[in-house]
Amino acid sequence: MSATHEEFLGRLIAARLLIPSGVEGVYGRGDRFEAVCEGMDRYVTQAGAGDGAERIRFPPVVTRANFERSEYLKSFPDLAGVVYGFTGKDREHQELLRKLERHEDWTGGLVPTDVVMTPAACYPIYPTLSGVLPPGGRRFDVLSYCFRHEPSSDPARMQLFRMHEYVRVGSPDVVRSFRNVWQERGTEMLRSLGLEARVDVAHDPFFGRAGRMLAANQRDQSLKFELLVPICSAEKPTACVSFNYHQDHFGQLFGIHLPGGGPAHTACVGFGLERIALALFARHGTSIDNWPVAVRRMLDV
Ligand code: ATP
Ligand code: ZN
């Protein structure tokens with residue numbers, strides 16, 4: 001199973017699993033591709049069903065005010081996507097149309113709206129938790145399309161993709177045990193689908209010189225783990241599930257307090273639905289009819 005990204009993408013497009021849009025990393029999902037994502041979504045839901053997480057769905061944006069408070073721009077300015085809008089009158093509208101007609105840049109007159117594209121499914125939840133947590137903390141189940149400005153010919157690096165996450169908020173102890181439970185569960189889930197998953201310590205793609213220190217710190221303290229699965233290459237497997245322990249980062253920023261005092265700790269486990277679907281198509285072939293029956297049954301595809 002060694003293919004270049006372009007070869008694999010070509011096969012996915014030929015099989016109508018992904019439909020190109022003309023922009024790298026933005027695809028339509030064919031019926032069969034979508035069915036696998038939905039099956040995986042159900043599998044993630046079932047796996048966490050006994051934990052009592054509160055299920056919440058946000059639209060794929062965060063407010064600009066909360067985005068600014070989250071400090072995302074300190075670490076990942078290059079990945080952010082801000083939504084702009086037109087607020088002009090007739091005169092500005094005429095000007096915009098003139099520029100369009102001349103193929104000039106028409107976007108200069110736009111202004112930022114109050115929303116920014118969600119970079120990770122868990123981001124909208126933290127600002128809602130300001131105040132004192134109940135004893136034992138809280139659990140959430142969130143899912144969202146997420147945006148990251150990282151155009152690529154690698155089908156596994158999309159600009160818009162879905163992340164189904166469980167989030168734990170509470171004392172350092174409960175948050176750490178949550179992460180351990182999901183590390184084991186996630187590995188078993190992927191292996192049950194015939195995928196070769198292994199856990200590795202990882203770091204986020206922090207921006208710039210200061211970012212290199214943040215990345216080293218994250219790695220040294222083992223704050224991020226990934227479940228790596230071969231998609232195009234066995235030597236360079238792809239992160240399909242990620243565990244992030246934020247320590248008290250969001251607790252501090254959004255004033256989330258433990259009942260006994262002190263900022264709450266948070267962690268999340270994120271299942272990348274498209275990446276897992278891609279790993280399955282790479283492993284079992286682009287025709288679901290030829291997949292192992294047990295895998296088809298598990299995902300109901
Ligand atoms: P990478 O290191 O590959 O950029 P990540 O570890 O930064 O990914 P997270 O930010 O932890 O990813 O996101 C959680 C999950 O979302 C990942 O495990 C992956 O399955 C999925 N994901 C992240 N980035 C992308 C992308 N560009 N396209 C598709 N899925 C993605
Ligand atoms: Zn998260």
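Modeller: By class, the shell around ligand 1 holds seven nonpolar, three polar and seven charged residues. Ala, Val, Leu, Ile, Met, Phe, Trp, Tyr, Cys and Pro count as nonpolar, Asp, Glu, Lys and Arg as charged, and the others, Gly among them, as polar. This is a predicted model, where local features need pLDDT of at least 70, side-chain atom pairs count only at pLDDT 80 or more, and totals for chains, interfaces and linings use all residues. Residues are numbered from 1 along each chain as written, chains are lettered from A and ligands numbered from 1 in written order, and side-chain values use heavy atoms, leaving out hydrogens and water.

Colleague: Which strand gives the most to the shell around ligand 1?

Modeller: That's β12, with five residues; strands are DSSP runs (E, at least two residues), helices H or I runs of at least four, numbered from the N terminus.

Colleague: Why are α2 and α6 called oblique?

Modeller: Their axes, lines fitted to C-alpha atoms over the stretch in contact, cross at roughly 140°. Under 35 degrees is roughly parallel, over 145 roughly antiparallel, 65 to 115 roughly perpendicular and the rest oblique, so α2 and α6 are oblique to each other.

Terms used: Axes fitted to C-alpha atoms, helices over the stretch in contact; angles between N-to-C directions.
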